[in-house]
Amino acid sequence: MTSERKATLIIEGHEPQEFPVLTPVHGNECVDFRNLAAKTGMFSYDSGYMSTASCRSAITYIDGDKGELLYRGYPIEQLAEQCNFLDVAYLLKHGELPNTQQKAEFENIIKTHTMIHEQMARFYQGFRRDAHPMAVMVGVVGALSAFYHEAEDFTDPRQRNINFNRIVAKLPTIVALAYKYSMGEPFMYPRNNLSYTANFLHMMFGTPCEEYVPNPVVVKALDTIFILHADHEQNASTSTVRLAGSSGANPYACISAGIGCLWGPAHGGANEACLKMLEEIGDISRVPEYIRRAKDKDDPFKLMGFGHRVYKNFDPRAKLMRKICAEVLHELGLVNDRLFELALELERIALEDDYFVEKKLYPNVDFYSGIVQKAIGIPTSMFTCIFALARTVGWMVQWEEMISDPEYKIGRPRQLYVGAPRRDVPSLDKR
Ligand code: CMC
């Protein structure tokens with residue numbers, strides 16, 4: 001990992017200092033600055049982590065310039081084509097795709113752990129009916145730590161496997177219950193004869209009065225959304241999970257922290273924000289006005305579902321999702337729907353516009369996944385919960401990688417202090 005090469009840092013008034021250069025399998029080399037403060041008394045300043053690798057990781061790799069995403073080395077396109085979400089979850093967790101026997105065993109374990117404690121189901125009653133489902137998710141997933149105390153013994157790999165299987169199995173139930181609660185409908189128990197994704201749709205849209213028959217095109221579309229969102233290296237929510245976990249906190253509490261971070265519109269909340277934006281635009285005739293606003297420096301408005309911190313060519317997940325989007329709209333007879341026509345017009349104009357082309361602002365995965373979810377009948381406020389369901393796999397795997405790393409330390413960034421200089425507290429009559 002450490003190459004022979006060294007980086008020399010020359011700071012005025014200091015002796016030049018050498019730092020090791022770390023060579024990755026793919027991607028940018030890194031200058032190892034862990035001894036920077038010890039050697040120079042200075043910190044590095046990189047507030048948005050624009051140039052900082054926060055960890056070593058063997059899980060996911062993104063090449064933003066090429067528009068490439070690999071899970072454990074496998075291109076996302078091949079995984080989306082040939083695997084289902086549970087295969088991908090197994091791959092991310094264990095490093096290899098499951099063989100026939102491992103696949104059957106894993107699917108069986110997940111299927112037989114989908115129910116949640118009855119007392120947990122009652123936990124929902126404490127929330128207001130109009131609570132945002134992501135707020136409910138933060139609470140209920142965090143509450144798993146109160147129901148499964150043994151998760152705290154995360155030094156035991158067997159226990160870590162149990163934690164992983166448990167949360168992957170229960171997340172669809174937790175998300176579906178959040179939806180049912182908001183609708184005031186009866187909770188639907190999981191059905192073990194259905195696939196992971198078909199069962200989720202059953203718990204979302206089934207009722208005790210009528211059997212829900214999942215549409216295979218819809219099941220495939222949602223399963224692909226899960227695959228595409230399963231992990232994305234050191235994004236904001238994953239870094240949140242790692243940072244929370246670095247203190248030795250309960251893993252379910254760490255996942256809850258990740259859900260909180262994902263909620264924001266610049267991250268996982270973009271799919272919801274994108275649909276709200278489309279509703280606000282309302283009509284194709286108003287698209288140019290919103291494009292103009294997005295380009296106006298004095299207007300804080302941004303085109304939701306466009307742009308990405310890492311992908312500066314295209315988002316490979318968006319390419320896959322665009323295809324799925326077309327299939328779902330066709331299958332459900334929604335090709336001429338007003339909102340979907342509007343979305344496609346926005347995409348067309350933005351892709352041709354110099355501002356978006358020059359800044360390399362392409363539609364990201366959330367632009368299309370929001371449209372697909374809307375077409376399936378998932379309410380806008382649930383979109384980020386679907387993202388969280390899938391990303392929980394990545395969060396758990398990244399959390400485990402961190403706590404198993406012999407170099408792991410509690411995360412503790414430093415700062416550039418710009419507040420008041422030291423001063424004395426004046427007496428009350430002098431303030
Ligand atoms: N609409 C209009 N202008 C934009 C947009 C947009 N969606 N995104 C970036 N820009 C402009 C931005 O104003 C800036 O212009 P200038 O150079 O003149 O100051 C330039 O492009 C660079 O943008 P940035 O905000 O510095 O880039 P970033 O890497 O900090 O932000 C981003 C990336 C995703 C937060 C941002 O593009 C954005 O807010 N997009 C909309 C929200 C969104 O769709 N988020 C989902 C990301 S994908 C899901 C996930 O992985 O979480």
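Student: How many aromatic pairs does this structure hold, and by which rule do they count?

Tutor: The count comes to 16 aromatic pairs. Rings of Phe, Tyr and Trp (its six-membered ring) pair if their centres lie within 6.5 Å; planes under 30 degrees apart count as stacked, over 60 as edge-to-face and the rest as tilted. This is a predicted model, in which local features need pLDDT of at least 70 and side-chain atom pairs count only at pLDDT 80 or more, while totals for chains, interfaces and linings use all residues. Residues are numbered from 1 along each chain as its sequence is written, and side-chain values use heavy atoms, with hydrogens and water left out.

Student: How is a pair of aromatic rings described?

Tutor: Such a pair is described by the distance of the centres and the angle of the planes. The ring centres of Phe306 and Phe356 are 6.0 Å apart and their planes stand at 65 degrees, so this pair is edge-to-face. The two residues are 50 residues apart, and their pair links distant parts of the chain. Phe306 is in the loop between helix H13 (287-295) and helix H14 (316-331), and Phe356 is in helix H16 (residues 354-358). Helices (H or I, at least four residues) and strands (E, at least two) are DSSP runs, numbered from the N terminus.

Student: Is Phe306 buried or exposed?

Tutor: Buried means under 20% relative accessible area, exposed over 50%, and partly exposed in between (1.4 Å probe, protein chains only). Phe306 has a relative accessible area of 11%, so it is buried. Phe356 is also buried, at 3%.

Student: Which residues form one aromatic cluster with Phe306 and Phe356?

Tutor: The cluster also holds Tyr355, Phe367 and Tyr368. The rings of Phe367 and Tyr368 have centres 5.1 Å apart and planes at 85 degrees, so they too are edge-to-face. Both of these residues are buried.

Student: Where does a charge sit over a ring?

Tutor: The rule asks that NZ of Lys or CZ of Arg be within 6 Å of the ring centre and within 35 degrees of the ring normal. The charged end of Lys39 sits over the ring of Phe19, 4.9 Å from its centre. For Arg129 and the ring of Tyr181, that distance is 4.1 Å.

Student: What is the phi of Lys360, and where does this residue lie?

Tutor: Lys360 is not a glycine, yet its phi is positive, about 55 degrees. This residue lies in the loop between H16 and helix H17 (365-376). Lys360 has 40% relative accessibility, so it counts as partly exposed.
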